[in-house]
Amino acid sequence: MKIFYAVQATGNGHISRAMELMPILTKYGKVDIFLSGSNSTLKADLPVKYRSNGLSLHYTCNGRLNHAKTIRRCAIFKAIKEAKSLPVKDYDLVLNDFEAITSIACKKQNVPMIHFGHQASFASDKTPRPHNKNILGEWILRNYASSSINLGLHFKRYDTFIQPPIIQSAIWNADPKKKSYVTVYLPSYCDKELLQLFTPIKDMQFEIFSRHCKEEMRFQHIRLLPVERSAFQQSLINCTGIITGAGFETPAEALYLGKKIMAVPIGGQYEQICNGAALSRMGIKVLDAIIKPHFKREIENWLQTNGPYPQLNWQSTEQTVDTLFDLWEKVAKSSHIIPATPAVVSYQSF
């Protein structure tokens, strides 16, 4: 098969998932990557054939989505132009991990596409949302990379087409320890703000991974580290707990390892607020998006809590990829075009 795999490069989770999937996808055929986005910090060790700045999210230094910068750099007309020339018709399978240009291209060229990944799970109303839904946020989750064919990933199987998270092999092969430090990954904060937050908490060592840091630095009980895949994995595997945003990959891997978790959703990013709602239902400590003056007390109280911690439903990456291609085979047999009326399609629907 010729496989077109669109990977969103806003943040690092999509790239990490793609790197884990690639060795298995290549067993099914030749894979060409379309990497779209401009603000990830993780090196994409992938066979990138097509590259675009895409439509990326940008953040402030204090834990919020930078709406002005995001809108200012949203080159929608350029994206539409790129979509017209994207050769999705040349491929047997188009796999899209929340990437808008590929979605537009497939609609314009009448090419079926599987929306695969965490955001695809929000095609179901059963996937957790906050008590107060955000109308614009809901519209983006459902339309940014929309398809009638969805295979979602989430912490739990909230619907028939939702699979467990993709766990990196270095994580599921690990022998986790609980050493006397806390891992911190809050990419919507800058170094100055992170140091201001964690310097007053003297009774714990912190390993803080920063999107701005270029080389390791030490500040009293704090190690400030650049975001690098293997270093972060080892820190997560051996930490006593992790403080992180309410993304998907990092909380999922922390759940799999049985780690204590504190999640801080990025302010204004609706998907993270939804994930925060899901984690809170599981018993995970979730703070407001904006860290407030009582943060030190919150950390100290959290450090004193003990398990048991919620368990993650898990299956091998091979099983998930098998499900993906089983779905595609059934879709290909039933129809060669995307149905005119959008509907959630699961591998159990055929």
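**Helices, cores and a sheet**

Analyst: Helices here are DSSP runs of H or I with at least four residues and strands are E runs of at least two, both numbered from the N terminus. This is a predicted model, where local features need pLDDT of at least 70 and side-chain atom pairs pLDDT 80 or more, while totals for chains, interfaces and linings use all residues. Residues are numbered from 1 along each chain as its sequence is written, and side-chain values use heavy atoms, leaving out hydrogens and water.

User: Why is helix 4 called largely enclosed?

Analyst: Buried means under 20% relative accessible area, exposed means over 50%, and partly exposed lies in between, using a 1.4 Å probe and protein chains only. Seven of the 10 residues of helix 4 (residues 100–109) are buried, so the rest of the structure largely encloses this helix. Those seven are A100, I101, T102, S103, A105, C106 and Q109. Their packing partners are strand 1 (2–8), strand 2 (30–36), strand 3 (48–52), helix 3 (76–85) and strand 4 (93–97).

User: What makes E99 a cap for helix 4?

Analyst: A side-chain oxygen of E99 lies 3.0 Å from the backbone nitrogen of I101, at the N-terminal end of helix 4. A polar contact is a pair of N or O atoms within 3.5 Å; within protein, one must be able to donate a hydrogen and the other to accept it, and residues adjacent in sequence count only if both atoms are side-chain atoms.

User: Why is H221 called buried?

Analyst: Its relative accessibility is 6%, so H221 counts as buried. H221 sits in the loop between strand 10 (217–219) and strand 11 (222–226). Its side chain reaches the backbone oxygen of T199 at 3.4 Å. Contact means heavy atoms within 4.5 Å; leaving out residues up to four places away in sequence, H221 touches F198, T199, I201, K202, M204, Q205 and F206.

User: How many disulfides does the structure hold?

Analyst: A disulfide is a pair of cysteine sulfur atoms within 2.5 Å, and a search of the whole structure finds zero. As for individual cysteines, C213 has a relative accessible area of 6% and is therefore buried, and C274, at 0%, is buried as well.

User: Which residues touch the most other members of the largest nonpolar core?

Analyst: Such a core is a set of buried Ala, Val, Leu, Ile, Met, Phe, Trp, Tyr and Cys residues joined through side-chain atoms within 4.5 Å. In this one, with 58 residues, they are Y5, L25, I114 and F155. Helix 1 (residues 13–25) gives the most to this core, with seven residues. A second, separate core has 23 residues, among them M204 and W302.

User: Which are the edge strands of the seven-stranded open sheet?

Analyst: Two strands pair if DSSP finds at least two bridges between them. The order is 10-11-9-8-12-13-14, with mixed pairing; strand 10 and strand 14 each pair on one side only, so they are the edges. Strand 13 and strand 14 run parallel and are joined by two bridges.
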